[in-house]
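Biologist: I would like to learn how to read a fold from its elements. Please take me through one case.

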Amino acid sequence: MKRLLLHACCAPDATVPLEDLEAEGYAVTLYWYGANIHPQGEEVKRREAMLRLAGGRTVITGDESVAAWMEAASPLASEPEGGRRCGLCFRRQLEGAARAAKEEGIGLLCTTLTISPHKKADFINTIGSEAAEKYGLKWLDRVFRKKGGFQRSVALSRELELYRQSYCGCVFSLRRGEIND
Ligand code: SF4
């Protein structure tokens with residue numbers, strides 16, 4: 001089986017990518033970044049949901065601190081969702097995942113982010129392929145929301161009773177009531 005590191009932005013969004021990639025024969029290791037999820041109680045809820053979805057699979061937790069993420073993202077606090085702050089956030093998440101994959105000896109990288117109908121899949125896949133290239137990995141270019149993927153993820157996460165968040169993750173999106181899917 002080919003090993004793949006899947007950057008998972010949240011448990012509901014990871015349901016379909018995990019199911020599809022394993023059905024295709026990939027041995028999936030999950031990666032949870034975490035530093036962009038505020039406040040801490042929310043990060044704990046989302047991480048626990050991820051661990052529940054993972055079952056016996058390995059979940060690697062990102063090593064970046066919330067303080068480091070905030071320092072980088074704060075100058076872009078007023079950007080709307082999908083703007084430059086989110087570009088920076090995706091890059092930090094996907095570079096964190098690429099570093100982790102390199103350390104684990106996993107040569108293939110992918111993300112669940114493209115399941116959201118509110119996120120630009122081409123933009124995400126471009127950032128992902130740049131992050132992969134930086135660490136000498138291959139990028140698996142996918143758009144998981146295609147063929148009803150998003151609707152399937154909603155149904156699956158309800159069936160599995162996974163925690164579903166009401167905002168994207170960071171304190172800025174919380175204040176604006178931005179949603180992520
Ligand atoms: S809105 Fe979401 S993607 Fe954008 S910076 Fe905040 S956590 Fe990251």
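Biologist: Across which strands does helix α2 lie?

Modeller: Two ground rules come before that. Residues are numbered from 1 along each chain as its sequence is written. The model is predicted, so local features need pLDDT of at least 70, side-chain atom pairs count only at pLDDT 80 or more, and totals for chains, interfaces and linings use all residues.

Modeller: Elements are DSSP runs, numbered from the N terminus: helices are H or I with at least four residues, strands are E with at least two. Helix α2 (residues 40-54) lies across β2 and β3. Its direction is about 165° to β2. Axes are lines fitted to C-alpha atoms, for helices over the stretch in contact, and angles run from 0 to 180 degrees between N-to-C directions. Contact requires C-beta atoms, placed from the backbone, within 7 Å.

Biologist: At about what angle to β2 does helix α1 run?

Modeller: Helix α1 (residues 11-23) runs at about 155° to β2 (26-32). Helix α1 lies across β1 and β2.

Biologist: How do I read the sheet itself?

Modeller: Strands of a sheet pair through backbone hydrogen bonds, either parallel or antiparallel. Here, two strands count as paired if DSSP finds at least two bridges between them. This sheet is open, with five strands in the order β3-β2-β1-β4-β5 and parallel pairing. β3 (59-61) and β5 (138-139) each have a single partner strand, so one side of each has no neighbour in the sheet.

Biologist: How many bridges join β1 to β2?

Modeller: Six, and the two strands run parallel. In that pair, L5 has T29 of β2 as its bridge partner. The chain goes from β1 through α1 to β2, a right-handed β-α-β crossover. Right-handed means that, with the strands pointing away from the viewer, the path from the first strand over the helix to the second runs clockwise.

Biologist: What stands opposite L30 in β3?

Modeller: V59 does. β2 and β3 pair in the parallel sense over three bridges. The β-α-β crossover from β2 through α2 to β3 is also right-handed.

Biologist: How do I describe two packed helices?

Modeller: Two packed helices are described by the angle between their axes and the distance between the axes. The axes of α4 and α5 (residues 121-134) come within 9 Å and cross at roughly 40°. Residues of α4 in this contact include F90 and L94, while those of α5 include I124 and I127. By class, the contact has seven nonpolar, one polar and three charged residues. Ala, Val, Leu, Ile, Met, Phe, Trp, Tyr, Cys and Pro count as nonpolar, Asp, Glu, Lys and Arg as charged, and the others, Gly among them, as polar.

Biologist: Which residues come nearest to the ligand?

Modeller: C86, C89, C168, G169 and C170, of the 12 residues around the ligand. A residue is near if its C-beta atom, placed from the backbone, lies within 6 Å. α4 (84-104) gives the most to this shell, with three residues. The shell divides into six nonpolar, three polar and three charged residues.

Note on methods:
Contact = placed C-beta atoms within 7 Å.
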